[in-house]
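Here's a quick tour of a structure, from its domains down to its aromatic rings. Have a look at it before reading on.

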Amino acid sequence: MTESKQSHTAIIQRSLARRYRAEKRFRAYGLMAITFGLLCVALLFTDIISKGYKAFLQTSIQLNITYDADVLGISDLNNKQQVALADFQGLVKKSLQARFPDVTGRKEKRDLVSLVSSGAGYDLRDRLIANPQLLGNTETLWLSADDDIDTYYKSMGDENGAFTGRTSEMRQGWIETLKQDGDIKLGLNRVFFTHGDSREPEQAGIWGAAMGSLFTLIITLSLSFPIGVAAAVYLEEFAPRNRWTDLIEVNINNLAAVPSIIFGLLGLAIFINFFHVPRSVPLVGGLVLTLMTLPTIIISSRASIKAVPPSIREAAIGVGASPMQVVLHHVLPLAMPGMLTGAIIGMAQALGETAPLLMIGMVAFIVDIPGGFTEPATVLPVQIFLWADSPERAFVEKTSAAIMVLLAFLIMMNTLAVVLRKRLERRW
Amino acid sequence: MQTANLLVVLLALSAAAYLMAHGRSVALARPLGGIRHLHSLPFFYGMRASIWCALPAIVLLALWLMFDEPVISMVLLDGLPASHQPSSAADYNLLLNSIENLASGALSKDGADPVLLSAAEKLSNLRNTGQLLVTAVVLSLGTLGLGWGWVKVSPQLRARQQVERVFKSLLLACACVAILTTLGILLSVLFESLRFFQAIPVTDFLFGTEWSPQMAIRPDQIGSSGSFGAIPLFVGTLLISMIAMIVAVPVGLMSALYLAEYASPRFRGLAKPALEILAGIPTVVYGFFAALTVAPFLREAGEGMGLTVSSESALAAGLVMGVMIIPFVSSLADDVINAVPQSMRDGSLGLGATKSETIKQVIFPAALPGIVGGVLLAVSRAIGETMIVVMAAGLAAQMTVNPLETVTTVTVQIVTLLVGDQEFDSPKTLAAFALGLMLFLVTLVLNFIALRVVKKYREQYD
């Protein structure tokens, strides 16, 4: 008897070491899983930031520009057609040739002119229109460099050596000369924050997409918040327990898990093909995103209505309030912080959504800044998608920078939601 | 009048209705001895009048806005001579477009077909009359409602009940938007899919093994057979989803278990939100990461090991998708694990089991139904995920289970078929809706089962 007891203890003793090892292993697996997840977060952010931070800078070249009326072909500044047709790019060409007089040959000259962005002419035109007495005079200006030059100049200090893929040795020589004279510099990239899309990376900005996102979100918020809150109030406060209510609930829960691209198909078939809403406009984008975010808003609004204690309702009914007065005067104000938090999270979701907007034509190439709900527009995530597809190397950093802007907005919205919840939400 | 102006006038009218009815109820109550002799508060009399003023008019206006264009084009086409009647849907749209352009002046009027010119004139006339008519009807309806609301005010009128009934119906209507959305999705994909299945038999679509949706525009064109066998797409979708699940399920589950059972409250408070950052990142960002960082890395790593990895490999898309789904799995699993009663843990620990043995042999089996539900939801998420695969997976529909090769998915094909120029009659665009139908049905079934399982499980321990 004693012997067998001892042997049992011995068996357990012997197995304990193994069991403790298993315990330690299991714990380590758990820690590894979390580390992996956190590592992914860190990797994602460092990758995006290291790729994109340079896009906030732009290389520019200093030149002496002479507004030569002969080159421009302008005799009268008030003649709009003349100004529109004038060869402002020719001024840049003239000035560059004056800077590097020993460049001959067609190809070399073309290479030389393409040091400066092909959009520089428009800047010169705007300057001349704003300031007519410049005609015939000379001024010294910083003009943005072409994207290839920009990429090369930014990569000059890299440890692997500069990226020379699209910059010939001759151009490298010119840049060296400019650098020695202090005529090339890196400055803040204002174009990125003030312009719309462009095929030329140095002319491309996110302002157009940001405005498109703003208009789309205004539509989404102004439709989905009232409808979502009304639906939540009905389901929590008024709905009888019957089949119809069950059907509504099942529908809401299912819609919350339907792939977003399906909402795009709905928008295409119903809003565009059936109701003939124009394509590519914030209005239809907002409608589609409304339907998509509605379940999120309904679910979070219901949770915050549920959190209002029944004693409040009973007290209100006790002093003679009608059901509608109970809801409007007591339940809704108390549930509002929670609902607002849900709405902000829903808007953050809508701001980052891409797939359904591809279906309804918001992927068009749009240069103009949209000015209203029915003007063609694109939104930030779609702009990111479009730039990620562009072959030019300089678009990689633009894409990463646009992602940084988008993430900054999302982080801001989520922080706002957290702060709102902490400060306004009451614990009962 | 413009619709926006009309709405503003209507709103002003209903505000006036509110003030007038409110004033009248107060005036009627004064000789009786104050508003406590009224059935309802003056507010409800005012609201009743403004609802009568605004609601019917707005409903009418909405109906008009929805159906004005179809009605006008029908009237227009009826007026055309037989020689100009369109023969097909494409002709119909073309004809309407050219009349439209003539009417708006976008198309020059010189040398245009006189029949179309007169039609264009008729179109402008019809539009103007329609607009005038609708303005008149809406405004008179509003005025009538205002008058009715004002006249009916009396101390006996049960205004509160009426206003609250309208209020409740409005709330119900908002709740029904969810049903309408589901119905809209179902009808729109079903309708277009049926048109697709008229051209391509269902069996060819479901069981065909070749996918090349390029239709020949001219009969003599080569290489555009237009075959719509969706099996390669299903295989590709499943392959990528499986890779994603292989990443997401173990990592998500283990981190949820660790956070729920081992971690100190402080560590939990830091690590949980940090992991949830992954859930808040837009999918387009993951797509960019997959296409520009992960895919080139995998290709170089593969080259180093002597493997040929496609630059649009299923592996890259699947891995990144898995990372995206980690927080989804872990937060669902976390809920489920926390719902397991503490008494079960205590019992197991009391018998001398170690923590990991308790987790493996007590908590995990108890939480299994909920975890399965969560994983099913995650699978439905992976199947429907679009941007990552659009940016990182390929277009070539290959039947392969080799994760190093390029595959394509259902969502990628929907996007490629529908983005850009499209004509609505070709099987090519309609195929996208058929794929959408499949996607919707599959995710619907998965969600339905998953939500049921999770709900049942919750009830078990409540």
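What follows covers the ground rules, the domains, the sheet and the rings.

## Ground rules

This is a predicted model, where local features need pLDDT of at least 70, side-chain atom pairs count only at pLDDT 80 or more, and totals for chains, interfaces and linings use all residues. Residues are numbered from 1 along each chain as its sequence is written, chains are lettered from A and ligands numbered from 1 in the order written, and side-chain values use heavy atoms, leaving out hydrogens and water.

## Domains and sheet

Chain A is assigned domain 1 (2–53), domain 2 (57–201) and domain 3 (207–424), with bounds from an automatic or database domain assignment. The C-alpha centres of domain 1 and domain 2 of chain A are 60 Å apart.

Chain A also has an open antiparallel sheet of three strands, ordered β2-β1-β3. Strands here are DSSP runs of E, at least two residues, and two of them pair if DSSP finds at least two bridges between them. At the edges sit β2 (138–144) and β3 (184–188) of chain A, each pairing on one side only. Strand β1 (residues 57–66) of chain A is joined to β2(A) by seven bridges, and I65(A) stands opposite E139(A) in β2(A).

## Rings and charges

Rings of Phe, Tyr and Trp (its six-membered ring) pair if their centres lie within 6.5 Å; the count comes to 20 aromatic pairs over all chains. One cluster links F56(A), F192(A), F193(A), W387(A) and F395(A) through ring pairs.

As for charges, R199(A) lies over the face of F365(A), 3.8 Å from the ring centre. The rule asks for NZ of Lys or CZ of Arg within 6 Å of the ring centre and within 35 degrees of the ring normal.

Technical notes. Helices (H or I, at least four residues) and strands (E, at least two) are DSSP runs, numbered from the N terminus. Rings of Phe, Tyr and Trp (its six-membered ring) pair if their centres lie within 6.5 Å; planes under 30 degrees apart count as stacked, over 60 as edge-to-face and the rest as tilted.
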